[in-house]
Amino acid sequence: MQEEYVLLYGDKKPEDNICIKNMFSNNQQINLGWTDFDYNKNMKAIDEIVEKGVKQIIFSGLEIGWDKLIRDVKQKYPELKIKVICNTLDSLLYYDYERQNFFNLLELSKDNIIDDIAFLRKGQYEVYKTLGYKCSFLRENYILEDDKKLKIKESNDVIDIGIYPLNYTWDKNIFNQLCIPKYIENSNLNYNEIDERMTDFVNTMDIKATSDKIETIDAKNVQEKVVKNDINIATSFTEYFHTVFWISMEQGIPCIIGNTADFFEKEEDKELEQYLVTLAEDNSIINSKMVKDCIDNKEQIMELYRNWKKEYNKLASKSIEKFLEK
Amino acid sequence: MQKLKNLVKRFIKKDGFLYRVIRKIYHVLSTIKYKITNNKKIEEERKHYSEQVDKAIEKIKQYKDKDYIVFYNPTWLGVANSTKGLFENIVPLEHVYNKKDIDKLVNAVIENNIKSVIFSQICDGWTETIKKIKDKNENIIIKVIWHGNCYEYFSDFTWNLNKEVMNLYKENKIDSFGFVRSIMYEFYKKVGFKSYYLQNNVHLENIERVKKVPSDKRKIGIYNANTRELKNIYTSLSAIRLVPDAVADVVPINEEAKKFTEMLQLETTSIDDYIPTEELLKRIQQNEVNIYPTFTENAPMFPLESFEMGVPCLLGNNNDYFVGTKLGEYVILTKEDDPEYLKDRIVNCIEHKDEIMKLYREWKKDFDKKCKNWVDEFVKL
């Protein structure tokens with residue numbers, strides 16, 4: 001029987017929160033601020049959680065200041081289980097902020113302050129398991145309830161292609177993705193204009209496009225955007241939460257992603273993987289062919305997805321249970 | 001000052017009129033301040049760059065009446081090696097800041113009856129040189145080799161430079177472009193630019209071959225990977241940690257990566273600083289395999305250099321080498337951010353090393369011929 005828990009998340013990575021809140025949705029959520037991190041306020045919130053009889057708290061990521069908070073919480077409540085879901089990858093450790101927080105996370109584990117680290121990528125989990133850290137492999141997921149499904153775009157003469165990076169960062173591979181519609185006849189690109197450079201680029205390169213900015217990153221807003229398109233593209237160089245992919249697929253719109261996930265492991269999943277996972281994230285020629293294939297085989301892809309997702313939901317749910325039971 | 005700059009930025013629309021005016025004023029004032037406080041250094045730099053122009057002019061004279069010359073910046077090592085590996089009539093030239101120097105260069109091109117001038121990437125002052133050559137003699141053909149891909153437009157500098165050369169093309173100052181990656185060649189062709197396809201190549205017959213020192217350990221190399229996030233050094237180190245009996249040779253390694261190897265308890269034989277290319281090429285001959293799992297590239301030199309030194313190199317699926325070949329199946333990586341996947345591919349590569357090297361040698365013979373044809377096509381008048 002799993003113990004009662006609370007998931008705490010910050011506001012630095014709202015795109016991650018969309019998935020993490022969905023994965024742990026049955027429990028109370030407390031906003032652990034990042035931009036306005038307030039130690040006393042957060043400690044008080046944790047006191048209230050513990051007073052309610054909660055046996056474990058889970059931190060989604062580790063941002064500045066959280067390590068000290070976690071150490072103090074452990075000292076105050078030695079019996080409380082504390083776990084952290086790692087929200088970075090080796091590929092992102094180039095940046096001081098990511099690396100320092102990651103090192104802090106490992107220190108917390110070494111000092112036995114936290115009881116488990118959940119990694120969202122299997123390869124990363126294998127490294128830290130080999131090194132002897134207490135850790136789990138947690139499968140990211142996002143489940144859309146039927147009543148939240150929106151009306152999707154009906155096919156017409158124009159192929160609407162959606163590119164909605166949720167961050168203007170190097171890993172999102174933005175400009176190579178924006179090249180793709182150039183190869184698709186009768187296409188219109190709808191894109192999240194997070195920087196004016198994107199508009200300048202599509203205008204300069206004469207790509208038919210419409211700015212479709214997501215003002216606030218939350219599930220509802222992303223859902224409303226992706227359903228306008230025949231296909232969405234999110235071929236980042238590296239990812240741990242594939243938020244746009246999940247929302248698009250769950251709404252019934254195919255979405256192409258980079259080879260940056262551990263979704264399609266079985267032999268019978270390979271057909272779906274070949275449609276949706278590009279092995280060449282920066283290659284607009286290969287990826288434009290994939291877009292055409294997806295559009296031509298949309299019904300089949302969505303059928304394959306629905307079958308695969310039923311099984312994946314079970315796997316993901318089991319990985320969450322296992323993580324909570326540790 | 002930075003705080004004030006950030007405050008102003010918050011309230012003014014980026015690239016709006018007011019933003020541009022303030023940016024211009026800020027730039028002019030910063031330049032004046034820099035010139036006042038660094039007068040001596042600026043003088044020395046001016047002298048250095050003028051001397052480089054004089055040397056370039058001497059070199060141009062050697063190519064009198066030739067169909068083409070290629071300017072390249074010898075301090076940009078990747079571009080320099082690429083240019084040296086492809087062309088014969090090459091002219092080292094750094095940034096050109098002095099208008100008189102530009103005029104001298106332009107006159108040298110015209111006086112020596114050079115039919116076509118190729119710019120291997122663009123340094124400061126080179127676009128001005130292009131304009132002046134065309135103004136003086138519109139029959140001289142100007143070509144630009146663009147070594148980047150669209151990923152690079154994330155950078156203000158590269159995007160603005162790209163727009164500048166695109167405008168020069170539209171104004172008939174540039175006649176065509178050369179690209180070292182098929183995605184760029186096809187894309188720019190599609191956008192409407194006269195484009196040529198090239199590939200980088202290496203010829204390293206002059207590098208000394210050294211005898212491999214027997215060892216129980218498997219030495220795996222990561223080189224020139226600490227400068228950019230794209231080089232993916234941390235995933236590479238994690239992957240090597242998973243390979244049994246592995247030692248990582250990392251050159252250069254910085255403090256942060258060193259700390260990471262300590263955390264991984266990974267044995268290394270690394271050096272903190274850059275070493276000359278020749279020395280590096282001798283050093284890598286001690287390795288079982290080198291890895292280069294970068295996230296995006298064009299036509300990277302290092303993988304070819306590694307193979308030429310007899311050491312297979314695993315590389316990201318982000319360039320045109322080995323595509324569609326058995327060799328490619330062995331050495332092209334398709335999940336660059338996954339250390340466990342990289343580990344499996346490293347082990348597989350070590351197991352099939354002899355076959356991989358044989359496949360490489362066959363591929364290289366064919367590649368040399370193709371490179372020559374692509375260059376011939378590009379330099380044709």
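**Contacts, helices and a sheet**

Reply: Between the two chains, 40 residues of chain B are in contact with 38 residues of chain A, where contact is counted when the C-beta atoms of two residues, placed from the backbone, lie within 7 Å. This is a predicted model, in which local features need pLDDT of at least 70 and side-chain atom pairs count only at pLDDT 80 or more, while totals for chains, interfaces and linings use all residues. Residues are numbered from 1 along each chain as its sequence is written, and chains are lettered from A and ligands numbered from 1 in the order in which they are written.

Me: Which element gives the most to the side of chain B that touches chain A?

Reply: H8(B) gives the most, with six residues; this helix spans 182-191, and helices (H or I, at least four residues) and strands (E, at least two) are DSSP runs numbered from the N terminus.

Me: What makes residues of H8(B) buried?

Reply: A residue is buried if 20 or more other C-beta atoms lie within 10 Å of its own, exposed if 12 or fewer, and partly exposed in between, with C-beta atoms placed from the backbone. In H8(B), B:Ile183, B:Met184, B:Tyr185, B:Phe187 and B:Tyr188 are buried, so each of them meets the cut-off of 20 or more. The buried residues of H8(B) pack against helix H11 (284-296) of chain A, and also against strands E4 (141-146), E5 (176-179) and E6 (195-197) of chain B.

Me: What is the order of the strands in the open sheet of chain B?

Reply: The six strands follow the order E2-E1-E3-E4-E5-E6, with parallel pairing, and two strands count as paired if DSSP finds at least two bridges between them.

Me: Why do E2 and E6 of chain B stand at the edges?

Reply: Strand E2 (90-92) and E6 of chain B each have a single partner strand, so one side of each is left without a neighbour in the sheet.

Me: How do you know which domains chain B has?

Reply: The bounds come from an automatic or database domain assignment, which gives domain 1 (48-197) and domain 2 (218-367) of chain B. The C-alpha centres of these two domains of chain B lie 32 Å apart, and ten residues of domain 1 are in contact with six residues of domain 2.
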